[in-house]
Amino acid sequence: MLFKANLTYHLDDDNLVYGTWSQGYRRGGANGVPTTGYYAEDAGWLTYDADTVDNFELGIKGMRGSTRYTVSLFYVDWSDPQLNTSTPNWGFFAVQNGSKATTKGVEVELDGYLSETLHYTVGYAFADAELSEDFFSPTGALIAEDGARLPGSPRHMFNVALDHTYEISDTLTLTSRLDGYVQSSTRNAIGTSPKFDRTLPGYGIFNGSMTLTRGNVDLTLWVKNIFNAEGVSAVFKKAYMGTRPSEGYYGNGSKEQIALPRAFGLSATYRF
């Protein structure tokens, strides 16, 4: 059973403060890890338990003139967090439970008009996501210490969007849009194992489009990832997936997971 509670207080007709508490849950599962034969691992790696979170948020939102705003503080208390790691003998991918982790931070968003035809949205978030207790393997080996940064969690995130509307005629409208997202560096994995540990650089992805609208029909020319940023979000290092003839492995599975490369397109939409 999960619970959620919310309190709201209206400062005036256009502005309010709020507080929210909510809970979350994920079921446990099993890992595909051999426990017999040449590649055997300890049976403790076979399963992992459910994890739960308590989310707390305190914020203010409303409107000042033509600008809508939201400012919120958040805190996430994560119990038995399911964390991606690997087995010690042969490096099989596995999920295991840590003890505790927390995420805390702030989010700010503004939405408004710079003119009658130019609309903007801008947002910023800071998030500090880390273990709040040591993380041990099923056999008792230390994987990561209290305070270790959680993987895939940038501390700083910024987004912006601009769209301009131009009335070509009574029946024809041109909408131009530019949007982007920028994030700071992230960790590739939990812990400091040389097989996985790496700091992934921050990156920015920007997109643009122009939409011609007539009645129920939209015709859009778009480009994604204008500057063709790599946007690396994960790495399988050579130390983990590279060639290793001494162990009979001559392949090379090392790779980077990257963002969609620059892409252009034309799309049409009909609204019924």
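Residues are numbered from 1 along each chain as its sequence is written, and side-chain values use heavy atoms, with hydrogens and water left out. As the model is predicted, local features require pLDDT of at least 70 and side-chain atom pairs count only at pLDDT 80 or more, whereas totals for chains, interfaces and linings use all residues.

The structure holds nine salt bridges, a salt bridge being a side-chain nitrogen of Lys or Arg within 4 Å of a carboxyl oxygen of Asp or Glu. One of them joins Asp128 and Arg155, with the closest N and O atoms 4.0 Å apart. Asp128 belongs to strand E10 (residues 118–131) and Arg155 to the loop between strand E12 (142–144) and strand E13 (156–167), so the pair ties together parts that are 27 residues apart in sequence. Strands (E, at least two residues) and helices (H or I, at least four) are DSSP runs, numbered from the N terminus. Asp128 is buried at a relative accessible area of 14%, while Arg155 is partly exposed at 31%. Here buried means under 20% relative accessible area, exposed over 50%, and partly exposed in between (1.4 Å probe, protein chains only). Asp128 and Arg155 also belong, together with Lys104, to a network of salt bridges.

A salt bridge is also formed between the side chains of Arg177 and Asp163, at 3.6 Å from N to O. This pair links distant parts of the chain, with Arg177 in strand E14 (residues 173–183) and Asp163 in strand E13, 14 residues apart. Arg177 is partly exposed, with 37% relative accessibility, and Asp163 is buried, with a relative accessible area of 15%.

For Asp197 and Arg187, the N to O distance in the salt bridge is 2.8 Å. Arg187 lies in strand E15 and Asp197 in the loop between strand E15 (186–187) and strand E16 (199–200); the pair therefore ties together parts that are ten residues apart in sequence. Asp197 is partly exposed at 27% relative accessible area, whereas Arg187 is buried at 15%.

Val71, Val108, Leu110, Tyr124, Phe158 and Val182 make a nonpolar surface patch of about 410 Å². Patches are made of residues with over 30% relative accessible area and no salt bridge, like charges being joined within 9 Å and nonpolar side chains (Val, Leu, Ile, Met, Phe, Trp, Tyr) within 5 Å. Accessible areas come from the Shrake-Rupley method with a 1.4 Å probe, and for residues only the protein chains shown count as cover. Leu110, in strand E9 (residues 100–113), is partly exposed with a relative accessible area of 32%.
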